[in-house]
Each structure stands twice: as structure tokens, then as C-alpha cells.
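Please have the sequence and the model open side by side while reading. The paragraphs below move from contacts between individual side chains to cores and strands.

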Amino acid sequence: MAASKGSQDGVHLTWPPVPGAGSYALHRCEVPEGITDDLVESTPTDCGGPIIITSELGYIDVPPQTAPQAYVYRLRACSASDANICGTIIASVVAAQASAPEVPQLTTNIGDHGRQVISGLTTTLHAFVYNASGNVIWNWKQEGGPKVTLVGADTSELSFTAPDVMTNTLLSFELRASDANGNGRPSKVAITVVPANNVSVKAGSSSRLTQSGHKVTLHARGSDSGLDYQWRQIAPDSPIITLNGADTANPDFIVPSMPQGGILHFEVKVTDPVTGRNASARTAVEVQYAVPTATPILEPSQTPDPVPTPVPMAAPLLKPLLIAQPLQVPHPRQVEPVPSPILVPPKVPPQALVLLAPPAVAATGGTRVELSMTVNGGRPPYQWQWIQSSGPTANLETSAQEVLTVQLPVVDAAQVLTFEAKVTDSEGIERTAEAVVHAMLTPEVATGVTPTPITSLEPRLVVVGEPAPVLNSPLSDLTVDQIAGPKLQIAQQPDSGGTGTQILVTAPLVKQHSAHAMLSVTGKDLQGEVVRYILPVLIIRPQAIAPPVESPPQVLPPQEAPKQDDPLIIIAGTAGVILQEGSLKALGVVAQGGKGRENYRYLWSYLKDENSPDVSFSGANTARIVVTAPAVRQTTLLRFNVQVSDGAQTTDRDILVQVNDVASSLVIGDLAPLTVDSGQEVSLSSPTPTGGVQFPTHEHYRYAITQIGGSQSVTLTPIGDQEADRISNWRFVAPTLFPGDADLVLLFEMASYDRVGNVVKTTQQVRVSAPPPPEPLVATMSSPVNIALGTSLTLQADVTGGTAPYSFVWKIQPHVQAIPGKPAFNLGTLNATGQNPTVSIDNLGLRRDEAASYQLEVSLTVTDANLQVSEATSFTRVVLSDALRSATEALVCGHLDIKEPCTDLDLVLGMTTKCPVHQPYALNFIKQQDDLVEEYRWCADARTVFNLSIASGNIDNPLCRNFNPVAPMDLTCYLACYGDGCNIDTIPPDATLLGTLGSDGYLKVGMPPLNN
């Protein structure tokens, strides 16, 4: 049985007659999916009933029109026409119905994909079309990258000027074309625009920080020597800055007075006087606002006005009572007055263990905070234990240390978290206190509305159960709200001067030995502006004091009762106060009783512990002393004692003074690194810190600078005529470096001091750049990858290094390969000059059909002012289009490079595809070794066909033309053909085989039969 291949109207099957057969049963079995070789053996024999029972010796089967499918046809001979009795399978054959030919669809190709072009130069993209029918309509559009102006968007060649870029920039385009058959497949192309060798400039720093009155130097470096510089101020409009040396790379100016601070913006523009190319860069100088002199908030006096001494009244004269007989009269009881719990503060033993709670902390949820408390007294060492007592669960990382690190949870609403610390000294005495953290939402974007200013005040210290004044405020419409801590009793009353309001608080009994509360005080100042204070309150719960031992009553006869003075007691005065180191504070007491105020004698003393600082105070023999808070390294509790005596009686009181370390409040800003050129003058400015304890002078702080890094030392000169430690502006000359030297990094440490010796430091890095070494002359070029025959060639060139001006010389050498049998081409060299020329190339004229390939070798020679030379070379392929002979449809299968031949399924299905226009012919390769046969199919150009099929003699070899795989031998054959589907069969039809060249320059189609 035999089957035809390639027919689109069905599979033609024929078979010879079988003696005695009355009919034939024909079965069609689908080749299983995934089977590519040995199709007959791999297909089941039982695939259902026959598709036809016929007495004819042939049949045309039309399989279902679904996906391409191979079939195994099996034939049985039957004894009668009704096929009741049939024999075994007498023949099997593999066949498939050929697919209907597709209408060729126009396809475009762009020959510049992946090309790099040079910024600022004219660029041309080239497109080609395949399978065109009739006129072609072109439509280019830009898809991505900086916008460019398209020229020739309705032609096959698109031109535009590449945009000016500073970094490699991608441009993308899409091409859509259509012909008589409709829209073709769109094509896309992406090219990279590389920066030209333009002028560039860098500013020495993106930002600087300085102060009013300082001298500031600006720095810039251009990409080449011999550039022109021009600096200008671009913002703000006021104040106007006068730049000294604005036409140099290193101008300077004096910062004007800007009490509110601000940012000065400058721009430098460099220009190449030869080429006119220019570039610009910007820098900013931030002027720090004038740090105001710290003005203390009025605090209420804790020493009340003296209480007038009561005037004694005359006692009535009493006559002794006459008694008939002596009686046992009880002695009158000597009553010891009990001091008022409101007027007399309880004592805290000097060596008592005291734990002071910290102020409330506000932080954004999800961040980390550190909490710590101050412990005094007791016997060290101390043991710490922290626990969370309320609020959403947080992560406590160091719960057994003095400083607790807390990872706050993320919150969707403001939350309050409390943490309890317990400290135990070496004698087992314990104290507890509570820390409060407000977990806040992530701050929202600023709205531009100026918020009410908030001033944080120093904490006030109060004792449990005692009303204490915490603030005298001149504000009107005063509102006091408690925003944190144990609930306080808050009261307001006119102050003693009648000019404002005094705020008093009474603290409740707290579980811990100390706790923090916080008040919000809001009111209006004399201008009617709303002012808000945040007032922390530190609550102390002192140890309980044992009541005095009661003396037994003494009974005397009335006539013998001696006259007694009133008990001498301290009725008011300072109980405790919180100070910052370096501040002054008055401590005072008011006594009553005894022999009267004119007889009182005072003696103040400082109860210094072993590790406590020295303290100076004045007025030790008066009712009121003035204490200067000493410098401390941490929050420190000081104890003072005052004794009051009238000569007969003595009383005393201990007073607590908490001194806070302000070192943590002394802060200074960071400085951005600075880059300068070798030999330039450099100015350095120290920022003004904030916080700490200011000096009572115009310069609130003192300054010092030290070079702490760099292999070369520089001489720092103060700028200004003030005392050395008051100057915060210095200058030096950058060390001289030679071309090619490594950059030199200098590091300076700037220290700022406050009045009590606290210091804060910041560093300024200065990178000194060496002059660049001379760059070698390097030429670069860009040319199209492919252009069409008959179009022009646009070239681009650029150069780095060397010395301007430059000359550009181009040579374009054509290389044309003639098809076999045609004379060689001899085209002359083309010449061009300039950075961006367009050259017309030879279109080969009447010999265009004789060319098998066409390539241009493009050479560029660049010469600089010093006669240095640099060269570059590239190649551009000229695509030859065959206008008379279109590409054929061919079966393409197998991969010869990896020795993977066509499969049986490939050969049976015979699915063809359109060959590319530059490879219009079909080529079959047959390789036989003994009884093993391999077949390959592909598309080829005329030169390949001529060399493999014609020049090799395969086309005239009978063993190739009449190939029989049954006969084992060693054989290699190349057979080429032209015509749709001509290479589906192993041996193409004679009418499609390609022969030698004809008079028209094309390979002849059709060869006569060749017998063995």
C-alpha cells in the first residue's frame, strides 16, 4: 500500500489486488501524542472499525481538520463484499494530510536592535520588510525614553537627534507596517544613548552648614582644564549674597545676618570655550538659626511669706486656792505641740535608698526606646528588675539592667504602656518606681499649618500628701490638664503679686517610692497668642517616720507652773527642688515659736556623701541660702540641713535637691562631607549646639577644633578677631597633590563646650582631590548594524582624552561577494569627515542581482591638537533584497549543529514555514551510514545552494537523485529546490530542483529526470 504526501484535498491511498479478495477493509489509526519515530510499530493495531469497506484498489481519505496529525493506515483483505470474514493486516503505511497554505503575512525587521548611539548626534534606524504584497505603509512611534522629534516616521528609515544625557539612557520604538494583505507583525527596537564627551562639573558638597558672620568657600571641579566658571545665587531673593571670585572654581562670601536661619542656594556653570559645551551643578549652604539665650520660666517660691509673731495677751491674776488640808494635786501635763502635717515636711533620712522615676516618654509605635531611673543612697551594688505593668505587650530586651531597652509594638491608636522597675541594694532594701511610655501613631505628613508652640519646663518635685506650688503663670484664660501619671489634686489661686495665677498640686499616695506625672498648661500671652507648657512633676513618697515617744505627764501645783515658751518649729519652706547643673536656686525656711524671730539663729550645712560633688552656696547663717547646682555626670540627689535655734530650743529640717545632668541636652548637628581641589582655600564652620548651660555672653558656647585624620597636617587659622575659644570659623589651604595621586582625606573634630564643662563633638570630613592625570586619546563610533541596499549611511563619532580641537576622518570600504559564476565586484573606497556625517553607498546598479553578500568596513581616525591619533573600526551589513524571486515555503526540521535529525513525525506531517527573504531556497541534507539514515531540512541562500548542491555534483549524482534507503551504503547528498513544499519528500520533484546559473543571474529551477 502506498500513500501520497503533501496533498491538501486528502490522503491518496493505493494498493495492489489480492487474489481471492472480494473486498478490502481500511483502518485509520492516530499516532499517539509524543511518538516521533517508529510510528507504525508504536501505533496500536486495534483502533476501532474500518473507515471504509470497498472493492476498489484505492481510496482518498479526508481526516478531520483539527491540529496537524499523523495516521497509520492498515489494510485487510476480505472474502466477500460485506467483509464478514477478513484476514490479518496485509499492509500498513504512515501518512498525513497537508495543511492548507497560509496567506503570507507581512513581517518587518529593524536592523539596529541593541545599538549604542551617541548623545546629541543624528541617528537613523533602518527597517526591512518580508512577504510584502503591494505598497507598504510605514508607521513609527516612540515608546520609551526622553522624547525625541521623529523624521521620516512614514518611511523605512527613521531619523532623530539623540537626546543629551549624562548617563546611559534607553530609547524604545515600535514599527507597524501594512500591505495589500492587511497589517503585518509589529516590530520593536531598543537602543542605548550613551553620554557624549560633554563638559561636566561637580560641586564640592551638596550642602553645607554654617553660621551668620562666618566665611564660607565654595568648591567646584570641571571635567577638563581650561573651562570657564560662573557662580550665581539662585535662591532666596533676600538677602543678596556677594560672591568674591564668582568667575573662579573657588569663590567665597561672608554669611549675612539671618536670625531665623535659612538655606542659600548657588549654581555653578562651566563652559568649554572651544566647543561651547557647558554643564552646571548646584550646592546649598544652610545657615543655622541663632540659638536664643535660655530664659528661665518663672518658678513659684517655696518659701511662703513670714507669719507674723502673735502678740501675747496679759494673763489674768489668779489668787492661790486656799485648801483646808493638803491634797495630792496632779502635775499639769506638759503638752508637746505636734507640727502640722501640711506645714512641716516629713524627713527623708540622708542615707535612705531613693529611686526616682523618669519623665514620661513619647515614641512612635514599632520603634525602640531606652528607659532608665536614678537611684541614690542605700548600699551598692544594686540589682535591677523591670516588668511591664500595663498596656499592649512590648518586648523587654534588657530587663535585669539599669537601662531597659524596649521594642514598642505597632499600634493603630495612641496607647499608654507602663513599666515598673525594682531596685534592691546589698542589704536587701527594695524600692520601686514606674516609667510611662506613650506609643504614638506614625506622624502624618505636615499640613503646613503652624502648630501651637509647646515649651517643656523643668520637672517640679513634690512630696506625697503636701500641697505644693508648681508654677506661677502670667497667662490669661489658663487651663490646666493632667496628661499622665497618678491623679493629682490641682488648684489655682492668684499669686502673691496679683499679676498672675499660681498653680498648686497635691500628690496622692503612690504604690512606688517615686512616680512621674505630667501637666499641660495652656493660656494666652499678652499678645493674645496661645502658649502651651508641658510641666513634669516628680512625686516622692518618703519613708514613714516613727512618731515621737510620748513623755509621762508632769503635774505641778497651779501656783508653781512655770511660764513656757511656744515650741520652736519650722512651719514652711523648701522641702525638695529639681535643678539643672549650673543653675542658681534659693532655699529657705520659715520658723515660728520659741523666743521670737529676733532671737533665731540659722545654720545651713551640706550633707555630702562619699561620691557626691562639692557644692557652693551663700547665706549659711540666714533663713535663705542661694545654691549653685554643681556639674554632675548623672542625675544626683543632694541633701542640705538647716538648724534653727533661739538659744533655748533647736529644730532642723533636711532639704532634698535633685540636680539633673544636662549633658544629654547638649546636641550638635552632623556635617556633610566636603570635596575640594588640591591647593584651594577651605573654610570650616562649627555648628552652634543647643541645650546645655549657656555662657552669659553673646557667644553662648566655647569652641575648639583639632585635626584627627589625614596623612598630611594642615594649619588651621581662626577667622575673626575674638578670643580663640569663642571662634567657630577656621580656614586652611588644601595640601598640594600631583596628577595621578590618590585623594587625600582629612578629618577634623569640632568640640563645643558649655559653662559647666559639658562637651559635644562633631566631625568634618574634607576630601582633597588630586588633579586628574592626562587621559589618552580614545575614539568611539556608532554605525548601523544593517542598512538596506539603496539607503544612506549615517555615522557617529566621539572622543575622550587628548586635547581639543579634534579632526574626524572616515573611510568606508565596501566588500561585495558575487554569486558563483559571476565576476568579482571592485567598488572604490568612500571618504567622509566630521563627527556625524551621512554617506551615500553604491547600490550596485544593474549588478545588484549578482551580489551574494554586501558589507561595509567603516574606519574612523581622530587626531587631536597635539597630533595624537586614535582609530576605531566597525562593520555594517547591507541587506540585499531579491525583488523578482520571493522566498519559498519549506519544511524546516532537525539541527545539524547538534546532530539532531528530523523525526519520523516531522517528515510525515510535512509542516512548512516561510523562508526568510535572504534565504529563499529549500535544502535537503541526506546522510546514510550502512542502513542508518539521517535527514535534515532548512532554508538557504543562493551561495550555499550553489556550493553544496551544484558545485559538489550532488545534483547530478544518480545515487542522490534516486535515493533508496533500503540499499545499505555510505552516502551524503545535498539537494536544493524552489517551490512551496518542494522539500517535504526526501527527493524533491525534478521540476523544483535547482540547477546551474541562468543568463538572468538566478539559479535555474527544474532539472530533467536522471536515471541510474
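**From side-chain contacts to cores and strands**

The charged end of Arg28 is placed over the ring of Tyr71, at 5.6 Å from the ring centre; a charge is taken to sit over a ring if NZ of Lys or CZ of Arg is within 6 Å of the ring centre and within 35 degrees of the ring normal. This is a predicted model, in which local features need pLDDT of at least 70 and side-chain atom pairs count only at pLDDT 80 or more, while totals for chains, interfaces and linings use all residues. Residues are numbered from 1 along each chain as its sequence is written, and side-chain values use heavy atoms, with hydrogens and water left out.

A second contact of this kind involves Arg702, whose charged end sits over the ring of Phe695, 4.0 Å from its centre.

A pair of aromatic rings is described by the distance of the centres and the angle of the planes. Rings of Phe, Tyr and Trp (its six-membered ring) pair if their centres lie within 6.5 Å, and planes under 30 degrees apart count as stacked, over 60 as edge-to-face and the rest as tilted. The structure holds 11 aromatic pairs. In one of them, the ring centres of Tyr71 and Tyr73 lie 6.3 Å apart and the planes stand at 50°, so this pair is tilted. Tyr71 has a relative accessibility of 3% and therefore counts as buried, the term being used for under 20% relative accessible area, with exposed meaning over 50% and partly exposed in between (1.4 Å probe, protein chains only). Tyr73, with a relative accessible area of 0%, is buried.

Tyr921 and Tyr978 form an edge-to-face pair, with 5.6 Å from centre to centre and 65° between the planes. This pair links distant parts of the chain, 57 residues apart, since Tyr921 lies in strand E67 (residues 921–929) and Tyr978 in the loop between strand E69 (971–977) and strand E70 (994–997). Here helices (H or I, at least four residues) and strands (E, at least two) are DSSP runs, numbered from the N terminus. Tyr921 is buried, at a relative accessible area of 3%. Phe925, Tyr936, Trp938 and Tyr974 make up one aromatic cluster.

The next topic is the cysteines. A disulfide is a pair of cysteine sulfur atoms within 2.5 Å, and by this rule the count comes to 6 disulfides. With the bonded cysteines of the chain numbered in sequence order, the pairing reads 1-2, 3-4, 5-6, 7-8, 9-10, 11-12.

One of these disulfides is formed by Cys29 and Cys47, whose sulfur atoms are 1.6 Å apart; the link is left-handed, with -45° about the S-S bond. The pair links distant parts of the chain, 18 residues apart, with Cys29 in strand E3 (residues 23–30) and Cys47 in the loop between helix H1 (39–42) and strand E4 (52–54). Cys29 is buried, at a relative accessible area of 1%, whereas Cys47, at 30%, is partly exposed.

Another disulfide joins Cys960 to Cys973, with 2.0 Å from S to S. The torsion about its S-S bond is about -80°, so the disulfide of Cys960 and Cys973 is left-handed. Cys960 belongs to helix H4 (residues 958–961) and Cys973 to strand E69, 13 residues apart, and both of these cysteines are buried. Cys977 and Cys982 are likewise joined by a disulfide, S to S 2.0 Å, and this link is right-handed, with 75° about the S-S bond.

In soluble globular proteins, nonpolar side chains tend to be buried together. A nonpolar core is a set of buried Ala, Val, Leu, Ile, Met, Phe, Trp, Tyr and Cys residues joined through side-chain atoms within 4.5 Å. The largest such core has 29 residues, of which Leu793, Trp810, Ile812, Leu844, Tyr854, Leu856 and Leu860 touch the most other members. Two or more residues each come from strands E56 (778–782), E59 (796–800), E60 (807–818), E63 (851–863) and E64 (869–879), and E63 gives the most, with 6 residues. A second, separate core of 25 residues includes Ile668, Ile705, Ile727 and Leu744.

Finally, an open sheet of 3 strands has the order E1-E2-E5, with antiparallel pairing; two strands pair if DSSP finds at least two bridges between them. Strand E1 (2–3) and strand E5 (58–61) stand at the edges with a single partner strand each, so one side of each has no neighbour in the sheet. Strand E2 (residues 11–14) pairs with E5 in the antiparallel sense over 4 bridges, and Thr14 has Gly58 in E5 as its bridge partner.
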